[in-house]
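I opened my notebook to record what I looked up, one entry at a time.

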Amino acid sequence: MTESHPSDEKPNDGGCKAPHVAHHFDSAQQQYDSAKLGMWIFLLTEVLFFSGLFCFYAVYRANNPQVFVDGHHFLNTPLGAFNTVVLIFSSLTMALAVRAAQLDRNRSVVCLLAVTILCGLTFMVVKGVEYKQKWDHHMVPGQTRIAHWFSDENTQSPPKKFQPDVQYVREHLEEAGHADLDDEELAQRIDNLRSYMGIYFALTGLHALHVIIGVGVLCVVLIMAIRGRFGSHRFTPVDMTGLYWHLVDLIWIYVFPLLYLIP
Amino acid sequence: MNNSSPSPQSASSGSDAALAHVVDIRVLLGVFAVLMVLTTITVSVSYFDFGALNLFVAISVATMKAALVALYFMHLRYDNLFYAFVLLVGVAFLGLFLSITMLDSVEYHPGVEAWQERTQ
Amino acid sequence: MNKPLQSKSTTGSYLIDPPGLKSWLFTLDHKRIGLMFLVLVSMALALGAFFALLIRTELTLPGPTIVSEPSTYNRLFTLHGAVMIFLFVIPVIPATFGNFALPMMLGARDVAFPRLNLASLYFYVIGLVFFLLVLIFGGIDTGWTFYPPYSTSTVTPVILAVVGAFILGFSSIFTGINFLVTIHTMRPTGMGWFRMPLFLWGLYGTAVIQVLATPVLAITLLLLAAERLLGIGIFDPKMGGDPILFQHFFWFYSHPAVYIMILPAMGVISEVVSVFSRKHIFGYKFIAYSSLAIALLGFLVWGHHMFTSGQSQLVGMIFSALTFTVAIPSAIKVFNWLATMYKGSIGLAPPMCFALNFIFLFGIGGLTGLFLGSLATDIHVHDTSFVVAHFHYTMAGGVLMAFLAGLYYWWPKMTGRMYNLVWGQVSAWMILIGFNLTYFPQFIIGSRGMPRRYYDYTRLLEVNPEFTFYQIISTVGGFTLVGGLVLVAFILLRSLFVGAKAPDNPWGSGTLEWQCNSPAPHENTPAPDDVGDCYDYNDLEFDEQTKGYVMKQ
């Protein structure tokens with residue numbers, strides 16, 4: 001840190017502040033810099049929020065490398081790659097939307113934000129397809145519990161048990177090069193897969209939650225854009241949402257190879 | 001903070017004091033193209049086994065992609081260097097957390113395995 | 001010295017302008033948010049102290065005293081710990097005095113994100129409600145640390161407490177972001193980094209930890225909840241998880257969190273010691289840098305909570321060695337405070353009495369921490385009441401004393417009333433004596449083998465018949481300590497009704513918040529162009545007429 005900060009240089013605030021500058025700021029520049037610094041610090045907290053899951057991943061992979069090699073055969077790499085492309089493309093449209101806002105091109109802002117939202121929704125749909133596959137084969141940790149919460153049946157009756165689909169597991173393990181497992185070995189491997197699936201759902205689930213929040217915020221920003229709230233001197237909401245959206249992309253850039261791409 | 005970072009005023013919007021730098025559209029599209037190339041690379045190399053290098057390759061490519069997103073899409077290259085510092089602090093603390101925890105876990109894990117074998 | 005301000009603010013006191021309950025509930029004014037936080041954390045303190053008294057009463061005599069079931073006692077110490085840590089010591093100083101004083105000290109109109117600040121208050125309230133729900137549903141018995149596998153299998157409502165702590169974490173992060181950004185972008189032109197009051201350096205270091213560590217707690221608690229609800233196989237060995245991993249996750253937050261608690265406390269002490277010694281703070285830059293050093297070193301020592309829990313020897317040794325480094329910046333601060341007092345003109349007003357309590361008690365707490373930081377000694381005293389005494393000397397002897405020092409110090413500015421100074425001194429003595437009576441015996445019995453978290457020590461009496469004597473002293477001390485706190489509350493609340501009107505600058509402080517009216521006006525006074533040295537007291541003189549300090553003519 002040095003003695004000065006660009007925004008420390010106060011302009012003359014002789015009562016000529018733009019109307020969108022809040023009362024406690026001296027200038028639009030100070031307000032913008034504060035928002036941006038605040039956003040970056042928030043992104044820092046997001047990085048550390050995910051750090052727990054990456055740590056979970058690293059520790060389990062270091063101690064049980066075989067489980068990860070087996071486990072990734074249960075994931076659908078083409079779908080994961082497709083989602084990577086979708087998310088990076090949405091990052092591009094987001095960056096273009098910020099640029100358009102800076103250049104006062106409001107119509108472009110609206111279009112680009114809409115495309116970004118559509119990409120986010122596409123990502124979620126594909127994610128949903130992947131989750132559905134896991135659900136159908138009873139690979140979701142705690143599936144019995146979840147099914148019980150959402151079941152319409154009389155809660156008095158004993159809940160239906162969801163055991164992982166043995167045939168499904170066996171097929172995928174054969175793909176991973178484990179042919180002719182006897183029942184005991186198979187049971188052991190199914191048990192081991194629980195932590196892998198735990199990591200998979202924790203990482204992708206938390207990421208998906210961020211995508212959903214991002215889409216929600218983007219919708220708000222889109223409405224603001226349609227109402228013409230942005231311009232070359234007041235695009236902070238677009239810019240900040242953009243930073244958040246890029247961070248979501250950034251995390252996926254790591255999640256994808258770590259979970260899907262294990263040779 | 002570094003004052004030599006490009007000042008926000010150097011942006012090119014003509015009117016007085018734009019709040020931040022406007023990135024050239026060709027740069028954004030170029031970065032997107034490179035990101036797509038890197039994605040293709042990382043997916044295709046995953047079908048080959050480089051042994052211990054697998055993870056290294058995957059993480060390196062991911063870091064390159066992440067750096068591109070951060071530098072250009074997130075404007076870090078044009079902004080106050082302090083923002084980049086904030087992000088790097090986050091990565092550094094992630095590294096600290098992960099490395100010490102892993103060091104410990106790898107150290108005590110053989111003991112856990114030995115205990116599991118004894119009790120089975 | 002700060003230049004006198006040309007004009008006083010024309011707006012009315014922040015307490016009545018704007019008027020009405022609604023204006024309080026939706027206020028964006030940092031001073032009101034600080035004051036509301038003060039009320040809430042005081043309630044949390046009262047709740048925590050109530051549990052503490054129950055614990056002390058139970059331990060007074062061997063055998064079941066007031067608690068018939070061990071599990072009830074487990075709930076008592078868990079609730080005491082969780083309420084005190086999450087609802088009191090972590091938010092107390094940043095959320096109350098930080099919110100109240102930080103913008104005024106900077107000469108800013110408000111914090112950078114006032115809405116976020118209000119959200120922080122409401123997240124705190126929601127967290128508080130969750131903890132009250134935990135109480136209603138019978139309390140939890142895991143200890144405030146939520147260690148699995150017990151926390152994933154006990155029948156008590158762990159999830160509620162975990163969600164409560166998760167929400168309180170957001171409150172803490174919001175405060176941290178706000179303070180960091182405000183200090184970075186809203187300092188006035190004339191105030192460079194090293195012209196800031198040291199309280200702000202304390203808050204800055206705190207905010208750094210808040211934003212770096214709290215997210216890790218958040219994910220830890222989420223994963224714990226997921227493990228308990230769904231069994232994702234991370235922490236519970238039955239599910240293929242690793243319980244030691246939880247401890248790494250938890251202490252990566254919770255060790256730095258003790259510096260979230262103590263750093264702002266040290267900031268308060270830096271202000272108070274200088275003002276009441278009428279002498280420039282000694283070693284300003286050392287105190288400022290040591291705040292950052294503590295914030296960063298605090299992240300390198302978390303494993304010293306895990307010496308006996310299955311952590312590997314290698315990592316244990318590394319953490320033990322690193323633990324000693326934290327002593328250095330802490331000692332730097334203590335020496336600088338002592339050097340500030342040396343040949344100063346010390347006035348023993350209540351804030352200074354509590355600051356002296358702080359230095360004395362924190363000194364003992366810090367030094368006994370070295371015993372716990374060295375591997376071999378820790379094996380002997382681990383999980384004994386020695387540990388309990390140690391962290392109460394730092395947390396209660398440190399943070400609580402600094403909170404009371406700050407409360408007495410800023411009270412005139414917050415409320416516009418002066419309290420009775422003599423009774424304030426009496427309360428400081430009462431708390432000092434009560435505190436030492438409570439916790440010093442615990443060092444002794446702890447080193448002789450009294451375990452913590454035991455509700456009955458009958459069987460230990462065969463070897464250590466003296467335990468009962470020490471436990472009785474400790475309980476007497478506990479009631480004296482709480483009596484002292486009640487006295488403080490009484491003195492301060494009484495001042496609201498019969499206290500004299502406070503002068504603008506009753507203590508002769510040089511920081512900017514004392515230049516406006518008491519109580520502070522709704523609109524903060526902007527900083528003068530030339531912010532001078534806030535620890536230079538030569539330009540101030542006591543004015544008999546207003547009973548406060550004014551600029552020399």
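**Entry 1: the outline of chain A**

I first looked up the radius of gyration of chain A and found 24 Å, whereas a compact globule of 263 residues would have a value near 18 Å. I note here that I am reading a predicted model, and I keep that in mind for every entry below. To see the outline in another way, I took the spans of the C-alpha trace of chain A along its principal axes, and they come to about 80 × 45 × 35 Å.

Next I asked myself what the secondary structure of chain A comes to. I counted eight helices and zero strands, so that, by the DSSP runs used to define these elements, chain A reads from the N terminus on as α-α-α-α-α-α-α-α. I also looked up burial, and 48% of the 263 residues of chain A count as buried. Among the contacts in chain A with a separation of 6 or more, 75% are between residues 24 or more positions apart.

**Entry 2: chain B**

I then turned to chain B, which has three helices and zero strands, running α-α-α from the N terminus on. Buried residues make up 32% of its 120 residues. Of the contacts in chain B between residues at least 6 apart in sequence, 52% join residues at least 24 apart.

**Entry 3: where the chains touch**

How many residues of chain A are in contact with chain B? I found 46 residues of chain A in contact with 48 residues of chain B. On the side of chain A that touches chain B, at least two residues each are supplied by α1 (28-63), α3 (77-102) and α8 (236-260) of chain A, and the largest share, 17 residues, comes from α1(A). Sorting this side of chain A by class, I wrote down 31 nonpolar, 12 polar and three charged residues.

**Entry 4: the nonpolar cores**

Which residues have the most contacts inside the largest nonpolar core? They are C:I269 and C:A405, in a core of 287 residues. Helix α9 (residues 243-277) of chain C gives the largest share of this core, 23 residues. A second, separate core has five residues, among them C:I445, C:Y457, C:F467 and C:Y470.

Last, I looked up the confidence values. Chain C averages a pLDDT of 93, and 98% of its residues score at least 70. Over residues 1-7 of chain C, however, the pLDDT is below 50, although this stretch has 21 contacts in the model beyond near neighbours in sequence. Where pLDDT is low, the predicted coordinates should not be read in detail, so I leave those contacts without further comment. For the complex, the predictor gives an ipTM of 0.94 and a pTM of 0.93.

Methods: Residues are numbered from 1 along each chain as its sequence is written. Chains are lettered from A and ligands numbered from 1 in the order in which they are written. This is a predicted model: local features need pLDDT of at least 70, side-chain atom pairs count only at pLDDT 80 or more; totals for chains, interfaces and linings use all residues. A nonpolar core is a set of buried Ala, Val, Leu, Ile, Met, Phe, Trp, Tyr and Cys residues joined through C-beta atoms within 7 Å. A residue is buried if 20 or more other C-beta atoms lie within 10 Å of its own, exposed if 12 or fewer, and partly exposed in between; C-beta atoms are placed from the backbone. Helices (H or I, at least four residues) and strands (E, at least two) are DSSP runs, numbered from the N terminus. The radius of gyration is taken over C-alpha atoms; the globule rule is 2.2 Å times the number of residues to the power 0.38. Two residues are in contact if their C-beta atoms, placed from the backbone, lie within 7 Å. Ala, Val, Leu, Ile, Met, Phe, Trp, Tyr, Cys and Pro count as nonpolar, Asp, Glu, Lys and Arg as charged, and the others, Gly among them, as polar. pLDDT is the predictor's confidence in each residue, from 0 to 100.
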